[in-house]
Amino acid sequence: MFVTRKAEFSASHVCRLPALDDAENRQLFGDEANPNGHGHNYIVEVTVEGDPDPVTGMVVDLKHLKNILEQHVIEPMDHRFLNYEVPPFETIVPTTANLACEIWRRLEPQLASPSTRLARVRLFETEDLYVDVTAEDLAA
Amino acid sequence: MMTLARRYRFSASHRLHSPELSDAANSRVYGKCNNPFGHGHDYVLEIAVTGPVDPRTGLIISTSALDRFVRLHILQLFANRNINADLPQFARLVATTENIALVIAGLIQQHWAASFGAIPARVQRVHVQETRRNGFEVLLPAAAGKSQARIGAERILVHG
């Protein structure tokens, strides 16, 4: 079965490559390239796969999942400027895809157990833009 | 490989009426949607693009390039139009959301290579939401452009 928990954090970022000039950055990243940055209310949906425990009837303890999200994603990222305050975004561009991958990397070891695994991270940058990372994507 | 999905909104009117059916049969099959003067919806189009993340840019596809592409090839045709009267594709095709999704998927496939042929990203699915209560999805096969789009799934969609 799949269990999905949603969490929200607000952060600022800028998408620019130092090797490109302003026009090239704008061509690639659009307004996301504005040099001083801007912010989003990110929504992250984390899906855990597993079978319900025969005693508790739960795939995963939602309090535990909430705490993991809080500790590994919300606390380090909420109300931060991703490029300056959240590694590895001092060196790589904090696009939605890179941020979704980084959230996956932080959560995956925390949610791996004999009975559960992280199945999908869906990261909404806005209501109209999201990126999915799945276990199958990374295996491909 | 990862998937990026982008939502676009357009408002348009349509009327469901098949020239193959009698007026009575049209009324029976399509109900209110067959009202002679048509009616409108705020459609939500979701396009999902699958591909590897470029290690330099961190992008599956440039969102601003995708926005330009969709504006030019899709939104410009559909936004604030009467689909039956203004779009030649629907001169004989019933303007159901199934057909709207298939026409949009076809337009994307037709123009994709000219804009994005140089990158490995491809469109994996096209979803058109007619109202908050219904949405229709076309899955595009991996060999995009070779075989025709097919309806992969029809489902009730609840966002948020």
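**Close-up views of a two-chain model**

**View 1. Chain B, secondary structure.** Chain B of this predicted model holds 4 helices and 6 strands. Read from the N terminus, its elements follow the order β-α-β-α-β-α-α-β-β-β. The chain has 160 residues, and 33% of them count as buried. Among contacts in chain B with a separation of 6 or more, 65% join residues 24 or more positions apart.

**View 2. The contact between chains A and B.** Chain A gives 19 residues to the contact and chain B gives 15 residues. On the side of chain A that touches chain B, three elements supply at least two residues each: helix H1 (22-29), helix H4 (96-111) and strand S5 (129-134). S5(A) has the largest share of that side, with 5 residues. By class, the side of chain A that touches chain B comprises 12 nonpolar, 4 polar and 3 charged residues.

View 3. S5(A) pairs with strand S1 (residues 2-14) of chain B. The sense is antiparallel, and the pairing runs over 4 bridges. A:Asp132 has B:Thr3 in S1(B) as its bridge partner.

**View 4. Helix H2 of chain A.** H2(A) covers residues 62-77, 16 residues in total. From first C-alpha to last, H2(A) reaches 21 Å, close to the 22 Å expected at 1.5 Å a residue. A bend of about 40° falls at A:Glu70. After H2(A) comes A:His79, with a positive phi near 60°.

**View 5. The buried residues of H2(A).** A:Leu65, A:Leu69, A:Val73 and A:Met77 of H2(A) are buried. The packing partners of the buried residues of H2(A) lie in chain A: strand S1 (2-13), strand S2 (38-50), strand S3 (80-81), helix H3 (82-85) and H4.

**View 6. The surroundings of A:Arg120.** A:Arg120 sits in strand S4 (residues 116-126) of chain A. Setting aside neighbours within four places in sequence, A:Arg120 is in contact with A:Thr47, A:Asp132, A:Val133 and A:Thr134. A:Asn25 lies 95 residues from A:Arg120 in sequence, and the C-alpha to C-alpha distance between them is 30 Å.

Technical notes
Residues numbered from 1 in each chain as written. Chains lettered and ligands numbered in written order. Predicted model: local features only at pLDDT ≥ 70, side-chain atom pairs only at ≥ 80, totals over all residues. Contact = placed C-beta atoms within 7 Å. Nonpolar A, V, L, I, M, F, W, Y, C, P; charged D, E, K, R; others polar. Pairing = 2+ DSSP bridges. Expected span 1.5 Å × (residues − 1). Bend = angle between axes of the 7 residues up to and from the residue. Buried ≥ 20, exposed ≤ 12 C-beta atoms within 10 Å, placed from the backbone.
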